[in-house]
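Morning, everyone. Please take a look at the model on the screen, and then I'll walk you through it.

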Amino acid sequence: MLPVISFIFWLLIIPFCIGLIPANFIPAEKRSPGFVLLSGYFGMWALFEIAAVPAVLWVEYNNFKAASAVFTVLTLFCAAAGILLLCRNGIIVGWKPFPVKSLLTEAGIMWLIFFLLLGFQLYRAAAFASFDGDDAYYVVESLIAQEAGVMYRILPLTGGSTGLDVRHAMAVFPMWVAYISVRAGVHATIVSHVVMPLALIPLTYLLYYEIGRLLFSKTRQAGGHVFQKQNLPSFMIIMAMFQIFGNVSIYTNETFFLTRTWQGKAVAGALVIPALFWVFMQIYDKGVKNGRTDAGIWILFVSVNMAAGVCSSIAVFLVCILTAVTTFCLAVAERDWKILFKVGAACIPNVVYMAVYVFMAYSYLLK
Amino acid sequence: MWGIFLESVVIFKNYMGFHQNHFLAGIYLLVLLYLWLVEKDRRRRILFVYAPTLILFLFFCPLFRKVFVRLMEDSETYYRLLWLLQMSIVSAYGLIRLMGKHRRIGLAAVCLAIVACGDYVYDSEHISRAQNAYHLPQAAVDIVDMIEPEEGRITVLVPADLIYYVRQYSTDIELPYGREMLIARWDYYNAMYEAMEEAEVIDTPVFAELARTYPCAYVILKEDREMEEPLTDYGYSDYGRVGEYVIYKDMTLQDS
C-alpha cells in the first residue's frame with residue numbers, strides 16, 4: 001500500500017502542486033487541471049535537470065544521493081509555493097462532475113470508444129513485456145542509481161567502472177525513474193516497465209486532449225467549417241488509432257511511445273515535442289486584452305525546453321529546430337520580429353545545455 | 001551532395017515503412033496538402049502547414065544533414081528529425097477538418113484507413129505476455145536468484161539471450177561482456193565472447209582458462225551447447241538447472 005501512496009504522491013500530487021505556479025500566471029479561465037498537471041510535470045523535470053546534471057558532471061561519489069537531496073528540497077519548495085499561490089490567488093476551472101447522461105449522446109459514445117482504446121493500451125503495457133535492447137543501458141542505469149547511489153559512473157552493460165559518457169549522462173531521465181523507485185521502495189525495473197507506462201501513457205493523452213481542446217473547444221468559423229466540441233473525442237480516437245497502428249517502422253515516435261514508453265527518447269517524441277506544439281498554440285493565442293502572451297506560458301515553455309534535455313541530448317537539438325522554424329514562420333507571418341528575441345530568451349536553457357555538452361565532450365582537447 | 005540527398009530519401013522511406021507497404025505517411029502527406037489548400041487561420045497554417053513543410057525541406061537538405069551529423073556525431077539518429085512532423089497530430093487535425101459535418105461516417109472511414117495503411121504495434125515479435133512484474137524472462141530471474149551473492153558482486157558468464165536481462169534484475173551480477181557484443185555493426189571484439197558464442201563447439205580448456213581471467217564465478221550454458229569436454233572435468237560443478245539452462249559453478253574460486 002505504501003508504494004502506491006508514494007507513487008500517487010510523486011507522480012500526481014507533487015507535479016500538480018508544482019504546476020500551480022505557472023497556472024497562477026495565466027488567466028483564471030484557462031487554468032484547467034490538465035494544464036496544471038502537464039506544466040507541473042515539465043516543471044518537475046526541469047527541476048530534476050537543475051539538481052541532477054551538475055551532480056552527474058561534477059560530483060564523483062554518491063552523486064545520485066546528492067542530486068536526490070537537492071531535488072527533494074526543490075520539488076517540495078515549489079509544490080509548497082504552488083499551494084500557497086493557489087490559496088492566495090487562484091481558482092482552477094474545469095472541475096465538473098462527470099455528466100452521466102451525456103454518455104448516451106454521440107459525443108459520449110465517442111468518449112467511451114476513446115477510453116476503451118486508452119484502457120486497452122494500458123492493459124497491454126502492464127500485462128505484456130516489450131523487449132528493447134536499449135533497456136540493458138537505460139533501465140540498468142536506473143537500477144544502479146537505486147542500488148549503488150551513483151549516476152553514470154558504472155558501465156551498465158557489464159558492471160565495470162567507466163568514464164563519463166556525456167551524451168547519455170546529461171539526459172538524466174533514467175535517474176528520475178530511479179528517484180521515483182527509491183521514494184516508492186520499488187525495484188527500478190518494475191517502475192520502468194510497469195509504473196512508468198501507466199503514468200506516462202495517460203499523461204501523453206492528457207496532452208493530446210489539451211491540444212484538442214485548444215483546437216476544437218471553441219465554436220469558430222474557419223475555412224467554412226464549424227468546429228465543435230464533438231470533434232474533440234473524434235480527435236482523441238484518431239490520435240489513439242495512430243499510436244496503435246503507427247508501427248510502420250521501428251523508428252516512428254508512435255512505436256517508441258508504446259514499446260519503450262519508459263525511455264527518455266520515447267518521452268521526447270511522444271510528450272515533449274507535442275508539448276511544444278501545445279505551447280506554440282498558446283503563445284500564438286495571445287491575450288485578447290493586451291496582445292501579450294501570459295507569463296505562465298513562458299514558464300511552461302522554458303520548462304518544456306529543459307525537459308527535452310532531461311529526456312535526450314538530441315531532443316534538445318530537435319526542440320531548438322522546431323522552435324526556430326515555427327518562430328521564424330511566425331515572425332514573418334505576423335511581422336513581429338520581437339518574437340524572435342522572446343522565444344530566443346526562452347531557449348537559453350537549451351543553449352546552456354548544449355554549451356556544457358560541447359565543453360564536457362571536448363574538454364579533453366584543452367588538456 | 002546528391003548522394004547525401006539519396007541517403008535521406010532512403011531514411012525517409014525506411015521511417016515511413018514504404019518498403020513494407022505501409023502508407024500511413026501517405027495519409028499524412030495528403031492531409032498536409034489538403035491543409036495547404038484550405039487552412040485559412042494564419043497561426044494554424046504556421047504550425048500545421050509551414051513548419052512541417054520546412055522541416056521536410058530541412059530533412060532532405062544535404063547541407064543540413066551534414067551539420068546535424070557533425071554536431072550530434074551520430075548519423076544513425078537522423079531519422080528523429082521526422083519526429084518533429086508530429087504526423088498524428090497534424091493528420092488528426094486535418095482529417096477532422098476534412099470530415100466536416102460527416103463525423104460518424106468520416107471517423108469510421110478514417111479509422112479503417114489507419115488500420116489499412118498502418119501496422120498494429122502489438123503484433124511486434126518483441127512483445128510477449130509478461131512473465132513477472134519485472135517484465136523479464138522468468139529464467140533470468142530464477143538464475144539470478146540462485147546465484148546472487150548475499151554481499152558484494154560476482155562476475156557471471158551467460159548466453160547471449162540472457163545478456164540483456166540479468167543486470168536489469170540485479171546489478172550485483174557483472175558480466176565479462178555485454179550487449180555491445182551482440183550488435184554486429186558496432187564491431188567489438190572479445191575473446192570470451194568468441195569462445196562462448198562464436199565457436200561451433202566450445203573448446204573447454206581454452207574456455208575455462210578465459211573464464212577464470214575475469215574470474216567468472218558461474219558459467220551458464222544452454223543444455224544443448226556442444227563442448228569438447230565437460231566443464232566438470234575442469235574444476236566446475238553442475239550447480240543447478242533452470243529451464244533449458246545449466247548453471248556451472250567454478251569450484252576453484254574460494255570466495256564464490
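**Across the chains, then inside one**

Start at A:Ala129: its bridge partner is B:Ser128, in strand E1(B). Strands here are DSSP runs of E with at least two residues, helices are runs of H or I with at least four, and both are numbered from the N terminus. E1(B) covers residues 127-129 of chain B, and 3 bridges join it to E1(A), running antiparallel. Strands pair if DSSP finds at least two bridges between them.

A word on the model. It is predicted, so local features need pLDDT of at least 70 and side-chain atom pairs need 80 or more, while totals for chains, interfaces and linings use all residues. Residues are numbered from 1 along each chain as its sequence is written, with chains lettered from A and ligands numbered from 1 in the order written.

Now the whole contact. Chain A gives 70 residues and chain B gives 69; contact means C-beta atoms, placed from the backbone, within 7 Å. On the chain A side, elements supplying at least two residues each include H8 (188-216) and H13 (313-334). That side has 43 nonpolar, 22 polar and 5 charged residues. Nonpolar is Ala, Val, Leu, Ile, Met, Phe, Trp, Tyr, Cys and Pro; charged is Asp, Glu, Lys and Arg; the others, Gly among them, are polar.

Notes: Contact = placed C-beta atoms within 7 Å.
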